[in-house]
Amino acid sequence: MTQTARLCTASAAAILALAVVGLVVGDFPASARSAIATAIWDRGGEFDFVINTLRFPRVVVAVLAGICLAVSGALFQALIDNPLVSPDIIGIDTGAAACAVAILAIGLDTQWLPYAAFAGAVGTAGLIFVLSWRRGFSGGRLVLVGIGINALLTAVITYLLVRFPIERVSAAARWQAGTLSSSSWSDARTLVIGLAVLLPVAFLLIRRLRVMQLGDDMALALGVGLERSRLAVITVGCGLAAVVVAVVGPLGFVALLVPHVARALAGTLSGGVLLLTALLGAVMLLSADLVAQRLFAPTVLPAGVVTAAAGGPYLLFVLRRFNRAA
Amino acid sequence: MRPDQKPSPTLRAERLFADYGGPPVVKDLTAEIPTGEITAIVGANASGKSTLLRALARLLRATEGAVYLDGADICRLPTRSVAARLGLLPQSPRAPDGVQVEDLVRRGRYPHQRLFDQWSKTDEQAVEQALKLTGLVELRSRAVDELSGGQRQRAWIAMALAQDAPMMLLDEPTTFLDIAHQVEMLDLLARLNQTEKRTVVMVLHDLNQACRYASHIIALADGRIEAAGRPTEVVTAELIERVFGLKVSVISCPVTDTPLCIPYRHNY
C-alpha cells in the first residue's frame, strides 16, 4: 500500500469514528451501540428524533461540506499555483453573503436564502472571471481582482446590516457565521447532488492540472488547451464552494488549510492526493463542528468560528514557512 | 529505441511574422527544419531566436504567415496531436514545490492519455526509458528542487523524452549550467539524435557549441534569417560580424574540425 493509500484509509477511519462521536454526544446522550442502531437499521425507538432528525443529518452535512470545500481549495491552489488562495479568500463566500443579506434586507423570507447565496456565489465568480480576463487569463490577476471584490462586498454587507432594520437582517448575521446546527436531510441531499455532478469532473481535471502546474508554456507544449481548462477548473471550484455556502453558510479556512495538510502529508497533486484532501476536509469539518458543539456546552458555537479559530494560527504558521522558503 | 518509433514530422515556417502585441519580432521569415538533424538557432540578444522557437512550437500565434507541421497549419491542428509529434522545453520551466523526479517525468505522458485512460504499460515504458537515457534512475524519488542545476535540467529533458515526440524544441538548454554540464547536456541531445533519430531544434547562445553540435544553423539578425545551412558552409567571420557586430577569426576546431570563432578585442 502506498503512503497516500494508507493516509486515505486512516482518514476514512477517522471520519467513521468522528461520525459515531457526532451521533453519540449531545444534551441527550446515547450509547454508541444504540446510536448506530437507530441511525442505520433500527429506526424509530427512543433516540429516533435526536439521532435521525438532529445528529445524523448534521454529521452527514459536515462530511459532505468538508469534502466540497477541501476539493474546491485544492483546485484553486493548483490552478493559481499559490498556496494562499481559496474560494473564500477571493470573495466567493462574501458574494454569497452579500446576496443573502440583500434579500433578507428587502424583506424576503429566509427560505430563499440558500438560492440567493448560491446565485451570489456564482455571480461573484463570474464577475471575478470577467474582470480578470485581459487577452487571456492570469491566476495572479484573478487573486488580486478577487481580493478587491471581497473588500467591496464586505462593505456592501456592512452597509446593508446598518441601513436595514435589525430584526430583518439579524438572521443573515447569524447565517454569516456558518453553522451546521440546523442541518437537515434536504441540505444533505443538495450537497450530494452537487458532489455527484462536480466531484467526478474535479478528478478528471487532475491530470490536466498536473500539467498546468508546470507553467503555461509547458502546458501548451504538452497539449493542454489552457483557457478552456482554466474555465473548467474555476467553474468546478466555484460550484463546490457555492453549494456549501448555500446550504451551510460561509465556512472559512477549510478550503484554504486542508489542501496544505494533504500536500504536507502526501506530496504534490495527484488523484490520490485529491482523494486524501477530500477525506481530510470531512475530518476537519466534523471535528470543528464537534468542538463547536461541546466546547462551551450548553452554549453552541457556529462551526465557522472554530474553523477560523483553528485556521488563523495555522495560516500564520504556513506563512512563516512560506516566507522562509522565499 | 523509442517504444513507438514514429517518423519525425516536417516543420517549416513560411513568411512568418510574430510579435508580443508590439512591433514584429520575427519578420517575414521562411525556414525549413531538416528532419532527423540537429538545428541550432543563433543570433544576438533580441534577434528573435526564442520568438521563432515559440512560434515553431505554436506557443505564439503567427500574426502573418504560418508554421506548417507535416504540411498543416500548426495553429489549426488539435493541440494534443501536435504535442504527440513535437515536444518543447522552455527556457526556465517551473517545477511544483517538492515534486519528485519520477512524478515530473510522468506528467510528460499527458498527450498520450485520453480522458478515461488508465496509466498504461506504454506510459510506464516511456517513463523508464526517459529516466534511463538521462541517467536519473537512481534519482527518481528525489525532489526536483533539491537537485543540482545539471540534474534538474536532465529531469526536464527526461520529461520531454517521456512525451515521446519525435521532434524536440529546446530554448537555451545549457543556460545556468557550468561548462562540464553544458557539454554533458549537448552530448545527451546528440545521442538522442543519433540513436533515436529525434529531430532536435535548439536556441543556443554559444556559437561554438552550435557549430560543434548542430548540422544545420539558422543565424538570425533583427528577426530575419541572415544565413542558414551547414556550420562549415555558413559560419564565416563576415557572417558573425553581420549577426553579432563582432570581429572574429574563424578557425577549425582542433577537436571536432567544426568552425571555431575567436573574437578580437572590442575597441570602444
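A residue counts as buried if 20 or more other C-beta atoms lie within 10 Å of its own. With that in hand, let's tour this predicted model.

**Figure 1. Chain B as a whole.** Of the 268 residues of chain B, 46% are buried by that count. Along the principal axes, the C-alpha atoms of chain B fill a box of roughly 60 × 40 × 35 Å. Take the contacts in chain B between residues at least 6 apart in sequence: 66% of them join residues at least 24 apart.

**Figure 2. An open sheet in chain B.** Four strands line up here in the order β2-β1-β4-β5 (chain B), and their pairing is antiparallel. Which strands stand at the edges? They are β2 (26-33) and β5 (72-73) of chain B; each has a single partner strand, so one side of each is left without a neighbour in the sheet. Look next at strand β1 (residues 11-18) of chain B, which pairs with β2(B) over five bridges in the antiparallel sense. B:Ala13 has B:Ala31 in β2(B) as its bridge partner.

**Figure 3. A helix across the strands.** Helix α1 (residues 49-56) of chain B lies across β1, β2 and β4 (64-69) of chain B. Relative to β1(B), the helix runs at about 120°.

**Figure 4. Where chain B touches chain A.** The contact takes 22 residues from chain B and 16 residues from chain A. On the chain B side, the elements giving two or more residues are α2 (79-85), β6 (86-89) and α3 (101-107) of chain B. Which element gives the most? It is α2(B), with four residues. Sorted by class, this side of chain B has 12 nonpolar, six polar and four charged residues.

**Figure 5. Helix α10 of chain A.** This helix (residues 226-247) has 22 residues and reaches 32 Å from its first C-alpha to its last, close to the 32 Å expected at 1.5 Å a residue. Just after α10(A), you can find A:Gly249, which takes a positive phi of about 100°.

**Figure 6. A:Phe317 in helix α13.** A:Phe317 sits in helix α13 (residues 303-325) of chain A. Is A:Phe317 buried or exposed? A:Phe317 has 11 other C-beta atoms within 10 Å, so it is exposed, the cut-off being 12 or fewer. From A:Val197, A:Phe317 is 120 residues away in sequence and 35 Å away in space, C-alpha to C-alpha.

Note on methods
Residues are numbered from 1 along each chain as its sequence is written. Chains are lettered from A and ligands numbered from 1 in the order in which they are written. This is a predicted model: local features need pLDDT of at least 70, side-chain atom pairs count only at pLDDT 80 or more; totals for chains, interfaces and linings use all residues. The expected span of a helix is 1.5 Å times one less than its number of residues. Two residues are in contact if their C-beta atoms, placed from the backbone, lie within 7 Å. Ala, Val, Leu, Ile, Met, Phe, Trp, Tyr, Cys and Pro count as nonpolar, Asp, Glu, Lys and Arg as charged, and the others, Gly among them, as polar. Two strands pair if DSSP finds at least two bridges between them. Axes are lines fitted to C-alpha atoms, for helices over the stretch in contact, and angles run from 0 to 180 degrees between N-to-C directions.
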